[in-house]
Amino acid sequence: MMTDAVKPLIGIVMCQNMAGPHPAQTLHNKYPDAVVAAGGVPLPLPHQLLQAPKLLAQSMALLDGLLLPGSPSNIEPWHYGEAGSEAHSDPGRDRLAFAAITWATSRQMPLLGICRGLQELVVANGGALYRQLHQVDGFQDHREDPARPLSQQYAAAHLVTPEPGGLLSQLPDCQAPFAVNSLHAQGVRTPGPQLRIEARAADGVIEAVSLRHHPFALAVQWHPEWQSEQNPVSRQLFAAFIQAASDYHRARP
């Protein structure tokens, strides 16, 4: 955990849904909990930041890092060149996430993407997705069973193998294959040209990517935020992100 007097401020993109009859934006507690546990200060980013000029830029200018969390929603397929609709869409999240990614990456701000966040980083950089990964020959079913308790849904499901020389492989417990949970129906079909593949599952599914020529822009397909302090890989991943955000803060003019 960081011990600096000034802790880095981490923006976290929110999701649109309904709270009874009321439109609402929400963020699962597990994401800000993981940021706080690693030594950061979480700040939710609502979709209204795109409703007036300069609101997003003013907000992003205060931040030291950007977290793109997971979500039950999926990116609308037209963003990666496919026809058809998406039943579980969140257009406001799409717009905000892509705008925030553009702002953060153009300024070398540290970024961590999780599940949908990985897919957003991929699509924002010209990549494409499998819309139903379990229907593609050769891939296993990476979805969770929603009928099971959360502890079982988020339990380790398979191994991932890190690529040597990447950001992920620099973490002490990520230099050899390690176990992760698996709660996603979609997956990376082609990474964007600016992205480096950081890890794969045994069936070949891309499980982590990073942005080339960036000090820390890393995204993973699994959910390290779940009980992050209890898992060495999760703890090290968030610690590296918060350390990068702290370095970014100290380098500000």
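The structure is a predicted model, in which local features need pLDDT of at least 70 and side-chain atom pairs count only at pLDDT 80 or more, while totals for chains, interfaces and linings use all residues. Residues are numbered from 1 along each chain as its sequence is written, and side-chain values use heavy atoms, with hydrogens and water left out.

Now for the rings. Searching the whole structure turns up four aromatic pairs (rings of Phe, Tyr and Trp, the last by its six-membered ring, pair if their centres lie within 6.5 Å; planes under 30 degrees apart count as stacked, over 60 as edge-to-face and the rest as tilted). One of them is the stacked pair of Y154 and W226, at 4.4 Å centre to centre and 15° between the planes. Y154 sits in the loop between α5 (150–153) and β8 (158–162), and W226 in the loop between β13 (217–220) and α6 (232–250), 72 residues apart (helices are DSSP runs of H or I with at least four residues, strands are runs of E with at least two, and both are numbered from the N terminus). Y154 counts as buried because its relative accessibility is 13%. W222 has a ring partner too: its centre is 5.6 Å from that of F178 and the planes are at 75°, so this pair is edge-to-face. F178 lies in strand β9 (residues 178–180) and W222 in the loop between β13 and α6, so the pair ties together parts 44 residues apart in sequence. F178, at 6% relative accessibility, is buried as well.

Next come the strands. In β1 (residues 9–13), four of the five residues are buried. β1 runs parallel to β4 (residues 41–45), joined by five bridges (two strands pair if DSSP finds at least two bridges between them), and L9 has V41 as its bridge partner there.

Key. Buried means under 20% relative accessible area, exposed over 50%, partly exposed in between (1.4 Å probe, protein chains only).
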